[in-house]
Amino acid sequence: MNSQFPEYRPRRMRSSEALRRLLCETRFSPNQLIMPYFVREGRKVKEPINAMPGQFRFSPDTLSAAVEPLVRSGVKSILLFGIAEAKDAKAGASASKNGVVQKAIREIKKRFPDLLVMTDVCLCAYTSHGHCGLLNVQNRIDNDATLPVLARMALSHADAGADMISPSDMMDGRIRAIRQMLDQKGFENLPVMSYAAKYSSSFYGPFREAAHSAPGSSKRQISKMITRTGALTTAPKDRKTYQMNPANREEALREIALDIQEGADIVMVKPALAYLDILREAKDMFHFPLAAYMVSGEYAMIKAAAEKGWIDERSAVLESLVSIFRAGANTVITYHAQAAAGWLENN
Ligand code: PBG
């Protein structure tokens, strides 16, 4: 240590706005934010999402209109989530050329060729049971049978013009399966952002309302199980057999290491604010491009408190984001992206 009080007074360097800005250790720009969008079938649709004030379900046509102010705000990347109309046990619609995400990609790339369009690859919005993977005859997650389905879904997004594929399902081995498929089909330069350390979190609640993707077991699924196996086994009601236990730190580092080995170009920690320690440790350990997902529940909490007048939305959002960057994230996926970009102008 150099000098101490009273010679050294840390408050000296906080005494003016100019000094505070001069010594600011963490800055971020709209270029580093990724805005998620929900896309559903139809035309002229713009449905508000209850638990996410200010967010909507768009049809492909209204989505590309919504992207315009985002692009003007300086945000250059979006992440698309599909809401499938046709759900079945095998996620049959997930790789359809005319699926809602595939259509949305084509529409957006036509109007905004320079916008980085990322797509979520996961089966939960396409399966009747709402799980991120297929189920076997015992109604358990069939990890290995899920991999080719995910790979075909990723390829269909690539064919439609996606700029990055982002698998969020947490099946083992899916980064390699997707990478191999993309490489075989001539997409060796298409990057993959892996949800590498994705926790089984209560903060996804509003998203599941938005995407109609909550896990449950449909009646049809159950009766089929009885006739085939003679015993009733219901599908799991939660995602704990594939998403991680919030208590685990070392496991997150193993998951991240595996995804880097399998060919991920960006690894992600999700959610963000309750997992800042994981972000810091992952950054220090791997020196690898790192994303953080500030999820729907994190968004909803700030919006709800702000609506009640209990918190200042602007400063709460900017403080949350700067903390996530300070913890080591290179990029943050956030529903606040457009608003934050507007507030950042004079940063
Ligand atoms: C799909 C998926 C989820 C989220 C992103 N991709 C939901 C889940 O795993 O249940 C959550 C995003 C958010 O809450 O904002 N697997």
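This is a predicted model: local features need pLDDT of at least 70, side-chain atom pairs count only at pLDDT 80 or more; totals for chains, interfaces and linings use all residues.
Residues are numbered from 1 along each chain as its sequence is written, and side-chain values use heavy atoms, with hydrogens and water left out.

**Figure 1. Packing of helix α4 against helix α5 (residues 174-184).** Helices (H or I, at least four residues) and strands (E, at least two) are DSSP runs, numbered from the N terminus. The axes of α4 and α5 come within 9 Å and cross at roughly 45 degrees; axes are lines fitted to C-alpha atoms, for helices over the stretch in contact, and angles run from 0 to 180 degrees between N-to-C directions. The two helices, α4 and α5, are therefore oblique to each other. Their crossing is right-handed, a term used if the near helix is turned clockwise from the far one by less than a right angle, anticlockwise being left-handed. On the α4 side, Leu147, Leu150, Ala151, Arg152, Ala154, Leu155 and Ala158 meet Arg174, Ala177, Ile178, Met181 and Leu182 of α5, where contact means heavy atoms within 4.5 Å. This contact of α4 with α5 comprises 10 nonpolar, no polar and 2 charged residues. Ala, Val, Leu, Ile, Met, Phe, Trp, Tyr, Cys and Pro count as nonpolar, Asp, Glu, Lys and Arg as charged, and the others, Gly among them, as polar.

**Figure 2. Packing of helix α3 (residues 100-111) against helix α4 (residues 143-160).** The axes of α3 and α4 lie 8 Å apart at an angle of about 25 degrees, which makes α3 roughly parallel to α4. The α3-α4 crossing is right-handed. Val101, Gln102, Ile105 and Arg106 of α3 meet Ser156, His157 and Ala160 of α4. The contact of α3 with α4 divides into 3 nonpolar, 3 polar and 1 charged residues.

**Figure 3. Packing of helix α8 (residues 250-262) against helix α9 (residues 276-286).** An angle of about 45 degrees separates the axes of α8 and α9, which are 10 Å apart; α8 is therefore oblique to α9. The crossing of α8 and α9 is right-handed. Helix α8 contributes Ala252, Leu253, Ile256, Ala257 and Ile260 to the contact, and α9 contributes Ile278, Glu281, Ala282, Met285 and Phe286. By class, the contact of α8 with α9 holds 9 nonpolar, no polar and 1 charged residues.

**Figure 4. Surroundings of the ligand.** The ligand is surrounded by 18 residues, of which Lys198, Arg208, Lys270, Ser296 and Tyr335 are the closest; a residue is near a molecule if one of its heavy atoms lies within 4 Å of it. Polar contacts are pairs of N or O atoms within 3.5 Å; within protein, one must be able to donate a hydrogen and the other to accept it, and residues adjacent in sequence count only if both atoms are side-chain atoms. A polar side-chain atom of Ser168 lies 3.3 Å from a ligand nitrogen atom. Ligand oxygen atoms take part in two further views: one lies 2.8 Å from a polar side-chain atom of Gln243, and an oxygen atom is 2.7 Å from an N or O atom in the side chain of Ser296.

How values were computed. Angles under 35 degrees count as roughly parallel, over 145 as roughly antiparallel, 65 to 115 as roughly perpendicular and the rest as oblique.
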